[in-house]
Amino acid sequence: MLDKINSVSPTSTRGGSTSKGGSNKTNKNLNIFATLGKWNYMINMARYYGRGLANIVKLSMDYVETQNLWQVANRNNIAQASEFIDKMNKAYGISEQTLMNYQALFKTMLSSLGDLSDMMSTTLSQQITQMALDFSSLYNVSIADAMTKFQAVLSGQVRPIRSVSGYDITENTIYDIYSKM
């Protein structure tokens with residue numbers, strides 16, 4: 001029995017013998033796949049961090065553009081507009097950039113009417129912004145959706161507000177209410 005055990009070489013298996021070169025080739029293949037896997041991981045992580053950095057740069061550029069739009073729209077009433085943004089930010093917890101963007105858009109739309117003074121269009125834009133935020137919470141609509149609906153109303157489209165709230169805000173209806181007041 002000892003003869004049988006001693007006759008078995010370290011490279012032989014139960015089914016017969018194999019050469020050392022076969023297992024060495026397998027190790028090289030595994031080593032190549034491990035290296036490729038590491039490179040793939042590094043490339044994916046570089047993409048991930050690169051996208052994160054690109055998003056940071058994009059967000060900062062968007063903020064600068066929003067701030068520029070807001071300053072141009074409110075150039076004569078910066079103090080009043082800034083006070084409004086701070087107050088709304090504290091009251092609603094909405095980002096300053098979002099508030100600045102919508103207030104500036106409403107201010108620009110109202111200023112283009114031509115018959116309103118700068119102070120009046122600033123006051124109205126602030127009130128419309130606040131009304132849109134209230135509309136958003138009252139009718140459980142996203143803020144962006146509410147702001148879009150109010151922009152549509154300012155451009156003469158009454159259907160977006162009517163579709164959510166059911167209120168008729170056509171010129172005839174509003175004129176009747178105005179006459180009674």
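**Reading terms against their cut-offs**

Colleague: Ala-132 is placed in helix α5. What makes α5 a helix in this description?

Modeller: Helices are DSSP runs of H or I with at least four residues, strands are runs of E with at least two, and both are numbered from the N terminus. This is a predicted model, in which local features need pLDDT of at least 70 and side-chain atom pairs count only at pLDDT 80 or more, whereas totals for chains, interfaces and linings use all residues. Residues are numbered from 1 along each chain as its sequence is written, and side-chain values use heavy atoms, with hydrogens and water left out.

Colleague: Why is Ala-132 called buried?

Modeller: Buried means under 20% relative accessible area, exposed means over 50%, and partly exposed lies in between (1.4 Å probe, protein chains only). Ala-132 has a relative accessibility of 1%, and therefore it counts as buried. Buried residues make up 21% of the 181 residues in the protein.

Colleague: Which residues are in contact with Ala-132, leaving aside neighbours within four places in sequence?

Modeller: Contact means heavy atoms within 4.5 Å. With those neighbours left aside, Ala-132 is in contact with Ala-146, Met-147 and Phe-150. Ala-132 and Asp-145 are 13 residues apart in sequence, and their C-alpha atoms are 9.3 Å apart in space.

Colleague: Is Asn-140 buried or exposed, and how do you know?

Modeller: The relative accessible area of Asn-140 is 72%, so Asn-140 is exposed. Asn-140 lies in the loop between α5 and α6. Its phi is near 55°, a positive value in a residue other than glycine. Most residues other than glycine have a negative phi.

Colleague: What of Thr-122 and Lys-107: how do you know whether each is buried or exposed?

Modeller: Thr-122, in helix α5, is at 0% relative accessibility and therefore counts as buried. Lys-107, in helix α4, has a relative accessible area of 1% and so is buried. Beyond four places in sequence, Thr-122 touches Asn-74, Asn-77, Gln-80, Gln-103 and Lys-107. With neighbours within four places likewise left aside, the contacts of Lys-107 include Ala-73, Asp-118 and Thr-122. The side chain of Thr-122 also reaches the backbone oxygen of Asp-118 at 2.9 Å.

Colleague: Why is α3 called oblique to α4?

Modeller: Two packed helices are described by the angle between their axes and the distance between the axes. Axes are lines fitted to C-alpha atoms, for helices over the stretch in contact, and angles run from 0 to 180 degrees between N-to-C directions. Here α3 and α4 pack at about 130°, with their axes 10 Å apart. That angle makes α3 oblique to α4, because angles under 35 degrees count as roughly parallel, over 145 as roughly antiparallel, 65 to 115 as roughly perpendicular, and the rest as oblique. Among the residues making this contact are Ile-85 of α3 and Leu-99 of α4.

Colleague: What makes a set of residues a nonpolar core?

Modeller: A nonpolar core is a set of buried Ala, Val, Leu, Ile, Met, Phe, Trp, Tyr and Cys residues joined through side-chain atoms within 4.5 Å. The largest one has 20 residues, and Ile-85, Leu-99 and Phe-150 are among those touching the most other members. Its largest share, six residues, comes from α4.

Conventions
Polar contact = N/O pair within 3.5 Å; in protein donor to acceptor, adjacent residues only side chain to side chain.
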